[in-house]
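Here is a short briefing for a first look at this structure. Keep the sequence and the 3D view open while reading.

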Amino acid sequence: MKLTYIEEANELLANLEISLLALENNSSDKTCIEEIFRVMHTLKGNSSMFGLPVITDFVHDLETIYDKVRSGEMELNKELIDCSFLCLDHIKVIIYDADLENVVNKENHFELLKKIGGFIEEAGSISVNEKKESQAVRTVYVLFEPSAKIFDNGTNPLFLVSELASMGNSKVVPHFKLSENQAHDECFTYWEIFIETDRSENEIRDVFVFVEDNAEIFIKELPFKNVLKNKHFNDLVSKNMYGDVGTNMEELVHLLSDQQNNEPVADAKKEVVIETDVSEAGAIHSNKKVSKEVKEKGATSIRVSSDKLDELMNLVSELVTTQAGLTLFTAKNKTPELETISENVEKLTRRLRDTAFGMTLVPINNMFGRFQRMVRDISSSLGKEVEFVTEGGETELDKTIIETLTDPLMHILRNSLDHGIEKAADRVTKGKSPGGKLILKSFYSGVFVYIQIIDDGKGINVETIRDKAISKGIIKSTDNLSDKEILDLIFYAGFSTAEKITDVSGRGVGMDVVKRNIADLRGNILVESEVNVGTTLTIKLPLTLSIIDGLLVTVDKVNYIIPLSVITKCYSVKNEDMANNFNRLLTLDGEQVPYINLREEFGYTVQGSGETLLIAVNNGDRVVGITVDMIIGEYQAVIKPLGRHHKKQDFVSGASILGDGTIALVLDTNKVIDLYTNNIKREEKTWQLN
Amino acid sequence: MAVKLTKEEKTGVTTSFLSFKLAEEHFAIEVKKIMEILEVPRITKVPQTPDFLKGVVNLRGGVLPVIDTRTKFGMPQVDFTVNTCILVLSIDINDETITVGALVDSVSEVFEMEEKHIQPSPTIGARYRSEFIKGMINEKDQFMMLLDIDKVFSAADIETILETHNEIEEAVAE
Amino acid sequence: MNRTILVIDDSESIREVITVGLQSSGYNVIKGINGADGLEQLRQSQGIDLVITDLNMPVMDGISFVKEVRKDANYRFLPIIVLTTESQETKKQEAREAGATAWIIKPFSKEKLVNVIKKIVR
């Protein structure tokens with residue numbers, strides 16, 4: 001039970017943090033204040049339900065402040081926001097220590113309470129404003145027509161009518177709709193209620209909140225005063241009392257407006273209003289329908305536990321596999337009926353799969369929100385002015401990817417703040433604005449999601465990196481590397497460019513771990529930088545981890561899947577052209593393309609004659625050919641992990657189960673190429689030794 | 001050297017064991033570690049893996065790595081027979097439970113035995129490294145080795161197993 | 001006359017919080033720990049005027065409980081309030097269809113609870 005509370009509290013606190021940060025940027029944002037108030041209110045309620053008075057009271061005091069801010073009684077200032085952040089952090093701690101057993105927490109708690117109390121007092125002395133401005137008294141017409149079956153769920157409509165009537169002076173007009181075969185346990189009454197009240201329409205509607213589906217409810221303000229005492233009004237409505245027919249609104253409005261026209265209250269403007277009101281009142285039904293639709297659109301999301309989601313994914317994966325089996329069987333046993341069924345199953349499966357996988361996608365915003373706070377704290381601790389901008393937060397990614405991505409991104413952001421963006425003074429001497437800018441943005445491109453971290457800081461000096469890499473023995477001074485290759489060295493294990501170790505970006509562990517984490521997600525990271533202009537890191541990730549569109553191929557009777565996303569073209573080449581090819585280059589479409597013979601690479605017997613298929617794949621900026629025996633066709637592969645026994649074979653990113661139940665291995669072509677390149681280097685070394 | 005059993009295991013409770021054969025030798029595994037026994041399906045070999053990693057198979061929609069137990073124990077590989085099967089084992093490595101398949105020549109029988117009847121494994125003249133053997137069992141006059149499968153089939157031990165091969169040779173040479 | 005309310009929730013603390021709130025407002029309270037127990041209580045005790053039940057409970061959940069109650073002709077018109085969380089919009093719908101009279105979104109204050117009860121029983 002406590003767990004549920006903590007889980008929910010953490011979620012609420014995360015929302016609170018996002019809203020507070022938003023509020024800090026735009027202190028006049030009413031929706032933020034409302035949201036903050038709402039979250040605090042829920043948190044308070046939760047805490048009280050779970051019997052945690054310390055937290056309940058604390059949040060209550062905070063809530064009081066924001067209630068005052070909301071009503072305009074209190075002004076929002078930096079001090080208050082800073083205090084709110086402190087309180088937020090404190091609540092994060094005490095949800096685990098609700099009895100303040102920890103002395104530090106206790107001290108902190110009372111200090112903060114004092115602070116909050118100060119705010120409340122201050123507000124109290126300044127503001128002499130009235131409490132909530134209440135709505136003027138006017139006449140409201142309410143039509144309440146329960147369905148015949150309303151008693152069935154235990155509702156007594158009379159209570160609702162009397163609750164409504166208690167809101168002010170009222171005239172209740174009951175109507176009966178008797179029919180010949182009226183069942184004794186059905187409701188045949190409906191009510192018209194005229195009420196003079198200062199309550200809002202929402203408050204009135206709230207009376208009927210539980211019977212919305214079981215009754216027709218129509219609420220309309222009448223632009224007339226003192227209606228209930230009007231004799232003509234009373235005559236008109238009483239005429240129909242207990243009858244089947246309701247009040248003729250047109251007649252009523254005419255009657256009343258005639259009356260009031262004689263008084264000097266009404267003017268031409270009002271006349272127009274009345275006109276429209278009449279027609280609206282006439283269109284009771286259509287009006288109600290619309291408002292209902294709008295209402296129902298509001299809440300369309302539900303929370304599902306991730307376990308259930310995972311289970312759903314597994315089932316869908318199995319279904320995809322089973323469906324592939326059906327397709328295969330159908331191809332072998334052709335019957336028209338079976339073919340139709342199989343096609344339909346295939347279509348449905350694909351749709352189900354797309355929908356199911358769509359569900360595991362969550363907007364990246366959740367993660368971005370967390371960074372707002374971190375950037376704020378770090379930049380202020382470093383004494384740097386930084387404007388942090390996030391874009392494309394609505395971009396959706398697999399939830400597992402988002403979870404794994406948080407740490408690497410955090411590290412990159414820290415680096416940018418610490419080493420990238422200069423101090424204000426340095427920036428000014430360079431002719432830049434004193435405040436730095438850090439952009440975190442995300443966008444789709446094809447089946448990939450890109451995340452970019454862009455700063456306008458000092459950039460990375462290629463020469464510095466080069467010297468450092470040489471001094472660390474990572475490269476030789478004679479190595480001829482392009483600027484891009486040199487920049488890539490920052491991802492090399494143990495490479496750190498920080499002149500001194502700071503708290504913020506820590507020790508040398510860093511970019512290599514970042515790169516590895518991203519590679520684990522089948523993504524990659526690219527760095528571009530220009531001195532004194534800034535640095536851009538681009539992370540490219542697959543949309544989802546568990547399914548890919550691939551090309552099914554065989555090499556020595558083993559099935560492999562190559563992701564379609566990396567394939568540029570397929571060619572047919574002669575084996576003899578490869579047999580004595582020492583520089584490992586083939587001319588394809590007039591271009592020299594390096595290639596890898598998978599048979600050779602994977603230790604199968606190499607064929608000397610005949611033809612082999614060559615698949616051209618993208619590898620960073622270049623194209624590399626990979627040979628296979630046979631191409632079977634396109635295949636939608638549900639990727640399953642190979643498990644730790646095959647951890648070292650990272651060029652196989654997973655396995656997929658084919659329709660016939662056998663396993664195909666999914667190739668990570670970039671890793672295959674790396675492996676090959678490393679082997680070649682090793683061979684060269686051996687050759688040099690010899 | 002003492003039997004590698006915890007105190008708990010030494011109490012009088014009976015445990016079920018499954019015995020199986022590799023070449024002419026008999027081994028036993030606690031039944032609670034065995035999830036199921038499979039006929040050998042088509043195995044997909046992952047390239048560039050050590051010989052003892054036979055490949056992967058489809059186990060009800062999941063991927064099961066299969067270990068060639070013969071190779072792991074330094075015995076020559078043989079073709080599969082009708083009796084060859086895969087024991088699906090649940091093994092614990094560093095607080096993590098994983099599932100692996102172990103190829104064996106044939107499964108013999110399931111029997112019950114009190115833990116106290118398990119004898120310590122002989123330290124002298126043993127063919128296998130003692131840490132992989134939990135003890136010796138004498139069931140119906142048949143001696144068999146009780147394996148510590150968490151150690152035998154863990155992936156982390158790839159290197160040590162390779163060393164084991166040398167040790168076996170050394171042991172044999174002694 | 002004091003109204004009698006049956007409160008069904010598997011969480012003892014929530015049961016207690018509600019009970020204390022109701023008793024201090026002048027209601028009699030009978031408690032049930034899940035849907036099945038609630039049914040038992042309902043049949044054994046005389047004169048229950050209203051039931052307040054949680055939705056997620058072991059043995060018999062709130063929805064099944066409401067359905068069971070409505071099956072019994074004696075309780076066709078018995079008011080039932082279900083306790084739900086904000087995120088359970090579909091649950092609310094389900095409960096309504098099963099025959100619940102009203103619902104209260106957790107967390108709630110004593111005032112809110114009493115206000116809702118007053119809509120249903122007097």
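**Chain C in outline**

Chain C contains five helices and five strands. The model is a predicted one.

- Along its sequence, chain C runs in the pattern β-α-β-α-β-α-β-α-β-α.
- Chain C has 122 residues, and 38% of them are buried.
- Among contacts in chain C with a separation of 6 or more, 57% link residues 24 or more positions apart.

**Chain A in outline**

- Chain A holds 22 helices and 21 strands.
- Its length is 690 residues, of which 30% count as buried.
- For contacts in chain A with a separation of 6 or more, residues 24 or more positions apart make up 68%.

**Where chain A touches chain C**

- How many residues of chain A are in contact with chain C? There are 21 on the side of chain A, and they meet 23 residues of chain C.
- Two elements of chain A, α2 (30-49) and α6 (157-165), each give two or more residues to this side.
- Helix α2(A) gives the most, with five residues.
- The side of chain A that touches chain C is made up of nine nonpolar, eight polar and four charged residues.

**Where chain A touches chain B**

- Here chain A brings 22 residues and chain B brings 18 residues.
- On the side of chain A, at least two residues come from each of α12 (306-332), β20 (652-657) and β21 (663-667).
- That side of chain A divides into nine nonpolar, nine polar and four charged residues.

**Nonpolar cores**

- The largest nonpolar core counts 77 residues.
- Which residues have the most contacts inside this core? They are I561(A) and I626(A).
- Domain 3 (306-360) and domain 5 (547-689) of chain A each supply at least three residues to this core.
- Beyond its neighbours within four places in sequence, I626(A) is in contact with Y595(A), I596(A), L598(A), L614(A), I615(A), V617(A), T669(A) and V672(A).
- A second, separate core has 55 residues. Its members include F210(A), L222(A) and F224(A), along with A100(C) from chain C.

**The five-stranded sheet of chain B**

- Five strands of chain B make an open sheet, in the order β3-β6-β7-β5-β4, with mixed pairing.
- Why does one side of β3 (34-39) and of β4 (53-59) in chain B lack a neighbour in the sheet? Both strands stand at the edges and each has a single partner strand, so one side of each is left without a neighbour there.
- On average, neighbouring strands of this sheet are turned by 35 degrees against each other, direction ignored.
- Strand β4(B) is joined by six bridges to β5 (residues 62-68) of chain B, and the two run antiparallel.
- L53(B) has I67(B) in β5(B) as its bridge partner.

- Strands β9 (residues 133-139) and β10 (residues 142-147) of chain B pair in the antiparallel sense, over six bridges.
- I137(B) has M144(B) in β10(B) as its bridge partner.
- The hairpin of β9(B) and β10(B) has two residues between the strands.
- In this hairpin, K140(B) takes a positive phi near 50 degrees.

Definitions and conventions
Residues numbered from 1 in each chain as written. Chains lettered and ligands numbered in written order. Predicted model: local features only at pLDDT ≥ 70, side-chain atom pairs only at ≥ 80, totals over all residues. Pairing = 2+ DSSP bridges. Helix = DSSP H or I, 4+ residues; strand = E, 2+ residues; numbered from the N terminus. Axes fitted to C-alpha atoms, helices over the stretch in contact; angles between N-to-C directions. Contact = placed C-beta atoms within 7 Å. Nonpolar A, V, L, I, M, F, W, Y, C, P; charged D, E, K, R; others polar. Buried ≥ 20, exposed ≤ 12 C-beta atoms within 10 Å, placed from the backbone. Core = buried A, V, L, I, M, F, W, Y, C linked by C-beta atoms within 7 Å. Domains from an automatic or database assignment.
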